[in-house]
Each structure stands twice: as structure tokens, then as C-alpha cells.
Amino acid sequence: MNALSNIGTIKEILTRHGFTFSKALGQNFLINPSVCPRMAQECGADEHTGVLEVGPGIGVLTVELAARAKKVVAVELDDRLLPVLAETLAEHPNASVIRGDILKLDLHGLIEREFVGMDVVVCANLPYYITSPVIMRFLEERLPIRALTVMVQKEAAERICALPGQREAGALSLAVRYFAEPQVLFPVSRGSFLPAPNVDSAVIRLRILPEPPLAVDCEPDFFALVRASFGQRRKTLCNAASAGLSIPKQQLLPLLARAGIPGRARAEQLTLEQFACLSNEITKQKGEPRDAE
């Protein structure tokens with residue numbers, strides 16, 4: 001089907017199927033004809049690649065992916081869009097749709113079943129309200145994927161791709177850099193969507209690292225520390241981590257010193273390596289017997 005990004009074509013298809021947009025599902029469909037081809041190109045889709053798409057909408061991006069990839073599987077939560085996608089993807093036998101919630105599906109099983117013998121990438125225009133949970137699920141579960149190329153809110157893109165030590169950096173940006181190499185690819189204006197959201201967007205790519213860039217003795221301790229440290233940004237790292245991890249300050253201060261971190265430092269001032277060092281000190285202390293009182 002041609003001209004899927006044409007606003008007149010989109011409105012005609014949606015009207016014919018009696019579809020109305022759901023704010024609760026964060027539905028904003030792309031109508032800028034230049035965005036989806038560029039996303040499909042940047043995600044690395046080719047004749048040897050399988051692509052997993054999240055929230056295909058009416059299939060504007062799906063069609064572009066199917067024209068380049070060996071196979072495309074799109075996961076769609078909204079039952080009302082299934083007949084729409086059956087129509088718009090009819091000319092693309094290498095594209096299929098699975099009805100489901102991307103946060104609940106067995107993704108390891110899906111990838112193993114649908115993409116036998118293929119490199120796999122993820123490409124999606126993510127609803128803003130599930131951006132962080134979706135990205136972290138793909139990363140934390142260590143799925144067999146090469147990269148994620150996703151459109152997110154512009155401010156979220158800046159946070160996700162911020163370097164440790166930058167003001168924009170937060171728990172999400174550090175967690176992402178533990179698993180991947182993030183990069184902002186290009187901006188997308190709010191006028192590129194129907195209906196237009198109140199904010200601009202950006203496309204980012206996360207290249208999955210074969211191994212984490214640093215040694216962490218206990219990953220749950222590391223991520224708990226990162227979350228606690230940024231949980232109260234106005235406080236010092238010591239105060240925030242003490243409250244978030246339920247570790248008395250008098251126990252935490254010597255660990256900061258052993259990790260080479262000033263006692264008055266704030267979370268956004270630390271490098272990924274410093275967080276790893278402090279996390280390892282916390283893990284080590286947890287394994288040591290306490291002095292008898």
C-alpha cells in the first residue's frame with residue numbers, strides 16, 4: 001500500500017475502520033514521509049536481519065522495515081488496529097503482527113521462535129509512557145538483539161544518551177550505558193505526528209555491548225545504588241544512598257572514601273566507574289561479618 005504517511009490516506013483508513021485515537025495508549029501516528037525510511041535505514045535492517053517492532057500503529061514504519069528486512073514481527077496491544085494492519089501490510093508477506101503487551105510477552109521465546117538464524121534488531125516509535133520500562137526490559141533481560149533504534153520524547157533522548165557526570169544524566173542513562181552504547185540520531189518535530197503531541201521527539205540508537213564496560217561484583221547492588229543515588233537529586237550522594245539503601249551514613253562514609261569519592265559529592269558528578277567501585281564496596285561489606293556489639 002502506497003502513501004501510508006499521507007495524512008489523507010491515514011484518515012481515510014482509520015475512518016473506514018471506525019478507529020479513534022486512545023490517549024491512554026499514547027497513540028500518535030507518524031505522518032512525516034521522511035522519518036520512517038530514515039529510521040528503517042538507521043536501525044540496520046537488511047536481507048539477513050529480523051526486526052522486532054513495538055506498537056506499529058497503522059504500519060507506516062512496518063512497511064519501510066519490511067521493504068529492507070528479511071522478516072518483521074510487530075507487537076501491537078490495541079485489538080482495534082489488527083484489521084487496519086491486516087490491510088496495510090497485505091502486500092508484505094514478510095511482516096506479521098502479534099497481539100500482546102511488550103512488557104508481558106515472553107520475548108526470549110518470541111525471538112527464538114520468529115527469527116531463527118537471523119540477527120535481530122528492535123525498531124519502534126515508542127509511546128512516551130512506556131519508554132523507560134520497554135528499553136530497560138530489552139536490556140536487562142539480555143535478549144539476543146544487536147541494537148535498539150527507537151523514537152522517544154526529546155527530553156528522554158537527552159537523558160538516556162547523557163554521559164555520566166553531565167547534568168542531564170540520571171539513573172536511566174547510567175543503566176543504559178552499562179548495557180549499550182547510546183546515540184541520538186536525529187530530531188523529529190511534533191508536527192510529524194497525527195495527532196500532534198505537545199513535545200518534540202528524537203530517534204536514538206542503542207548498540208548492545210557484548211560485555212558490560214566495567215566489573216561489577218553484584219548487579220542488583222549496582223542498580224539499587226544507582227537508583228537510590230538519583231532518587232533524591234538535591235541531596236548529596238551519601239544522604240540519598242543512605243536513605244534509599246537503608247545504610248547508616250556512618251557506615252557509608254568509609255565506603256565512599258575507599259571508593260575515592262568525596263563525602264559531599266552528588267550523584268550526577270560520578271562516573272560509571274565510581275558507581276561500580278562504590279557498589280563493589282557495598283557488596284563486600286554485606287559479605288563481611290559485623291563486629292560483635
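Predicted model: local features only at pLDDT ≥ 70, side-chain atom pairs only at ≥ 80, totals over all residues.

Q: Where is S246 found, and what is its phi?
A: S246 sits in the loop between α10 (237-245) and α11 (249-258). It is not a glycine, yet its phi is positive at about 55°. S246 counts as exposed because its relative accessibility is 65%.

Q: Which residues does a cis peptide bond join?
A: The bond runs between L194 and P195, with omega at about -15°. P195 belongs to the loop between β8 (193-194) and β9.

Q: Where is S201, and with which side chain does S201 make a polar contact?
A: A polar contact is a pair of N or O atoms within 3.5 Å; within protein, one must be able to donate a hydrogen and the other to accept it, and residues adjacent in sequence count only if both atoms are side-chain atoms. S201 is in strand β9 (residues 201-208), and its side chain makes such a contact with the side chain of Y128 at 2.4 Å. With a relative accessible area of 1%, S201 is buried. Contact in the wider sense means heavy atoms within 4.5 Å. Leaving aside neighbours within four places in sequence, S201 has contacts that include Y128, M151, P187 and F193.

Q: With which side chain does T49 make a polar contact?
A: The partner is the side chain of D46, at 2.7 Å. T49 is found in strand β2 (residues 49-54) and is buried, with a relative accessible area of 1%. Beyond its neighbours within four places in sequence, T49 is in contact with residues including G44, A69, M118 and R146.

Q: Which residues of helix α5 are buried, and what covers them?
A: In α5 (residues 107-114), the buried residues are L107, G109, L110, I111 and E114. Their cover includes β2, β3 (71-76), β4 (95-99), β5 (119-125) and α6 (131-140). At the N-terminal end, D106 caps α5: a side-chain oxygen lies 3.4 Å from the backbone nitrogen of H108.

Q: How many residues does the largest nonpolar core have?
A: In soluble globular proteins, nonpolar side chains tend to be buried together. A nonpolar core is a set of buried Ala, Val, Leu, Ile, Met, Phe, Trp, Tyr and Cys residues joined through side-chain atoms within 4.5 Å. Here the largest has 66 residues, and those with the most contacts inside it are F138, L139, L206, F222, F275 and L278. Helix α8 (residues 171-179) gives the largest share of this core, six residues. A second, separate core of 37 residues includes C43, A66, L85 and L194.

Q: With which residues is F222 in contact?
A: Setting aside neighbours within four places in sequence, they are Y178, V216, L272, F275, A276 and S279. A276 is in helix α12 (residues 272-287) and is buried, with a relative accessible area of 4%.

Q: What does the protein chain look like as a whole?
A: The chain has twelve helices and nine strands, and 50% of its 293 residues count as buried. Among contacts between residues at least 6 apart in sequence, 69% join residues at least 24 apart. The C-alpha atoms fill a box of roughly 75 × 40 × 30 Å, taken along the principal axes.

Notes
Residues numbered from 1 in each chain as written. Heavy atoms only, no water. Helix = DSSP H or I, 4+ residues; strand = E, 2+ residues; numbered from the N terminus. Buried < 20%, exposed > 50% of the residue type's maximum accessible area, 1.4 Å probe, protein only.
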